[in-house]
Structures are given as C-alpha cells and as structure tokens.
Amino acid sequence: MKTDRRAVANSSFFILHSSFKIMANYYSDHPEIGFYLNHPLMARIVELKEKGFDVAANIIEPNSEAVDLEGPHLENGRMIYASKTYENLEATRKAGLWGVSMPRRYGGLNLPNTVFSMLSEMISAADAGFQNIWSLQSCIDTLYEFGSEEQRQKYIPRVCAGEGMSMDLTEPDAGSDLQRVMLKATFDEKENCWRLNGVKRFITNGDSDIHLVLARSEEGTKDGRGLSMFIYDKRQGGVDVRHIEHKLGIHGSPTCELTYKNAKAELCGSTRLGLIKYVMALMNGARLGIAAQSVGVEQEAYNEGLAYAKERQQFGDKIINFPAVYDMLSRMKAKLDAGRSLLYETAAYVDIYKCLEDIERDRKLTPEEKQELKKYQRLADAFTPLAKGMNSEYANQNAYDAISIHGGSGFIMEYKSQRLFRDARIFSIYEGTTQLQVVAAIRYITNGTMLNNIKEMAANIECCDCVAGLKARVEKLIPVYEDALNYVKALDNQDAHDFLARRLYDMTAELVMSLLIIRDASKAPELFKKSANVYVRMTEEDVCGKAAYIKNFQVADLENFKAADAVEA
C-alpha cells in the first residue's frame, strides 16, 4: 500500500532510535534527515517502488463485493473461505503484512501498535470482513506476553508467515458473561498434555491455524477463578466446525460454532489466570482493533456519501449544496477526524506501556520508567473503552447517514453504502457492547481520573489563534461536566449511577475528542480546522443537553423508565 509503506518507513526510523533513547540519536538529533522524507518527489518514488500497487485498493476492495455475496461455507467439518478471500490472504502475505507487532527475531516487523492500527483502518475501509481475519494476528501479542519462550519460538514465526488466529472465548451459555465458560480442560498424564472438550460459539475465524482458548481447568469451580488459557494447534486435530453463522454483515468473516473432542492443547501462562488476566489483555487489544476497524468504515461511509452528493442533482442543483446535506457530511467528517484522533492517542498510550513491559523482560526498569509504565497503562485502560465504544457508534451513524444521502439508491444492493451499513452494525456489539464499554470506563470517570485528564489536556494544549476560541469554549464546558458528575455521585444510588453512566461516558469522550481535534487543528489547520469547528459545536450541544438531563434527574424517576412487563416481573 502506498500510504502505509510511508508510515512504515517513518516508523522504522522511529524504532531505530527509540531503543536507545538515553544515547545520542542519529535520526532524532538531526531533523534535517526527516525533512527529506517529505521531499516533493518522495510520493512519486514510493509509487514507482511499489509499481503503483496498493493491496487494499487494488485487491481487497475490488474483491469485497464478491466476498460479501459468496461468504464462507462448510465442507466436511471444515470452514472454507470465499474464493476471493484466499486472494486477499495471499496478497497480504506477499506484501509482508503479517507479524506486524512481533519482534524481528521471530520473523516479525517489530512495528508499534499505532502503525498496526493504521494498517487495520485501511484494510477495514477496503473490506471490514477481511480486516477481521487479518487483524486477528494480534492475538499473538497475548501469547508473546504470557507464553513460554518455547511457545513463542513455535508459534510466532508461523503467524509472521501468514497463518491465521482466533480467540475461542464465548459459548452457547457464556456470551458477555465469560465467568460461565464450561469448555472442559483436563490434564492427560500419559501424553503430558491438556485435553479440551466442549463447544464454542460465535468464534470469529473459528477454523484458524492457531487458537487461544478459554477453558475450565479447575474441576468443581463455577466462576472466573477456575478458567485458564490454552493454545490449540489445528495441526493436532480434534476440533470440528459444526456450523457457520449466517450474518447480517461482514460476510467474509466466518463466525463458527466449534466442537472440541479430546483436542490436544498447551497451557498458556499459569492456571486460573485465563479470564482475570489473559483474556483482559486479549480483549483490550481486540477492542482497539475494533476501534480501528470502525474508523475505516467511518472513512469509507463518508467517502461514499461525499462522492454521491457531488454527483447527484435535484431541483437544478447538486445536493451537496443543500444545507441539510452538507450539515450531515460535516458531522460525518467531524466524527471521523475526532474518532481517529482518539484511536491513535489510545494506541500511543498502549505502545509506550507495552514497550516498557517488553524492556522489563530484559532488565529492571528505573523508578522513572516504572512510573511511566504505570501512567500509560492506566491511560490505556481508561481510553480503550472510549475509543472502541465511540468509534463503533460513529461507524454506525456514518453508515446510516451515507444511506440517507443516497436516498432511495442507498437502499439498493448495488450501492456500497448498504454493505457498509450492514458491516458496521456488529462493531458496537462484538468484543463488548457499547454498554460494556461504559462499564469498563465508568470507574475512571467517577473516580475523577478522566476529569483530571481532561483538565490536564486543556492546560497543556498549545493552540494557534485559529482555534483558540474553540479551546475557550471547551474549557467553559468542563465545569458543566464536573457539576453533572458530582451530582450523579451525590445521588448515592447504584441503579441511578448505572442509568446515567452512558451520559457521563458520552460527555467524557466528547470533551476528550474536542481537545484532541483542537490540538490536531493547531498543527494542521488545513486538514482539521473545519472538523474542529463542527465537533466542538456538537460537543456543546451534547454536553449541555446531557448535563441538563442529569441535573433534573431524581432517583424516583427510575420507575418511569421501567417497562410495565419489567415492573410486573
């Protein structure tokens, strides 16, 4: 891909010097070198070097409609991808787009998660269903972090070479409530291995080469403390695909029901930590992946809506000149730019603490480094549910608006906007619904962590004159937000807290994204100034409205929101 290759090139220079940050640095100490990466002829050089080829635009996107129509199918207990999916897999392997985050000693590219998110966004814009298959390579991060060195050497090079992965977590009776997982793991003394028996359901890319499996290893337990993480290698056999789900969207991404029959597996890490430690790490990575997937669809939905509005003529004028239409497009673009900024801010936090954790495997961290690790791990934990939840909602909204701009044509299957709409709907559901993202984020909101972050961001942003007024308007909203937050806490009622949590979550995220887009507009007003203006207006509208709702709320009001049937039950 043209664009991602330049990102990779810049990232490679960054990585070259980042390992030696205390020493002199031949790249960062000489910004003149970086200047020439932006030489006017560089884009042409990259184009010629890559022979004008873009994997996402030249292969994945043209294949997307055929993949959507064909989808995967089942043959003799095995999942068979749509035929064009195999072309996508081969193209990404030849382009070296596997093992993106893994160290070079295992055959990986050793690139930051931020770059992986960029690649993920672009592939999602081409085909969100294929992005699911490709991005699951990130499961290897959990094996790298918690597996043994023998397991790393055994499995990581295979993923770097292009073998697929899956995370087998959910079951027919254990969806969001993973503590109820009952797939059984027993130790085989004779073979010196673990055996897995049971059923997994809704497993994305479920017939993959390497599986990370959550299973109950402690007999007699019924909660999360009895669950462990296992590695299943498809080469060992023992797992069949019983059913492939017929879904509303992301048709190219197979969602499987699996039967484990005495399947041989390896323990990853320690027993009893499967859910409380390893799945949490796995899910945080997956949620950031969905945020990137969402941004890709946000972008493509905006592209489709904009292109149609420029061409479609009604009442003697192009519809892009109608206020109702350009209002819709401006909001789509503002959500896209603000959501993308939140995605990459979060990815940067993850990169810093993950890099420090990796360094800690080789040497003790200094006290300053330990503090830095804690700081950015806390920020990553707080921001990840915001990035996933808000971007998944924005993807749905942008896809919906793209259809609206198309009018009746948007409802016709020949237009791409209908597929984007179908694909986007799952983003706010899988890897934790938006409601669960609120649950994950709310403790950082109610304990004041996010309020302090917002105040710190506002104090530290150096903005140019062109957006200084926008920053001042956001700063006026912070006391409004703080007042609403204190009001909810003073209610001292858990049901009321849970009921109002989504409103606090939205207000928090919108203030954060407003400040981020103002920061970006200060650095590149030609790219982001318009979006900053629109997004700040949206935030004012939403924060003030939600604050008014909260301040007029009483605990007794909860009864008004319960359905009659629920009250009777």
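Me: Which residues does arginine 287 touch, not counting residues up to four places away in sequence?
Reply: This is a predicted model, in which local features need pLDDT of at least 70 and side-chain atom pairs count only at pLDDT 80 or more, while totals for chains, interfaces and linings use all residues. Residues are numbered from 1 along each chain as its sequence is written, and side-chain values use heavy atoms, with hydrogens and water left out. Arginine 287 is found in helix H10 (residues 274–311), where helices (H or I, at least four residues) and strands (E, at least two) are DSSP runs numbered from the N terminus. With contact meaning heavy atoms within 4.5 Å, arginine 287 touches Thr384, Lys388, Glu431, Gly432 and Gln437.

Me: Is arginine 287 buried or exposed?
Reply: The cut-offs are under 20% relative accessible area for buried and over 50% for exposed, with partly exposed in between (1.4 Å probe, protein chains only). Because its relative accessible area is 14%, arginine 287 is buried.

Me: At what angle do H6 and helix H11 pack?
Reply: Asparagine 113, placed in helix H6 (residues 113–126), is in contact with Leu288, Ala347, Val350 and Asp351 once neighbours within four places in sequence are left aside. Axes are lines fitted to C-alpha atoms, for helices over the stretch in contact, and angles run from 0 to 180 degrees between N-to-C directions. For H6 and H11 (residues 323–360), the axes are 8 Å apart and the angle is about 145°.

Me: Which residue in S6 is the bridge partner of aspartate 168?
Reply: Within strand S3 (residues 165–168), Met165 and Met167 point one way while Ser166 and Asp168 point the other way, and all are buried. Two strands pair if DSSP finds at least two bridges between them; S3 and strand S6 (residues 210–216) run parallel and are joined by 4 bridges. Across this pairing, the partner of aspartate 168 is valine 213.

Me: Which residue in S9 does arginine 195 stand opposite?
Reply: Strand S4 (residues 184–188) and strand S5 (residues 193–204) run antiparallel with 5 bridges between them, and they form a hairpin with 4 residues between the strands, where asparagine 192 in the turn has a positive phi of about 55°. S5 also pairs in the antiparallel sense, over 8 bridges, with strand S9 (residues 255–268). In that pairing, arginine 195 stands opposite lysine 264.
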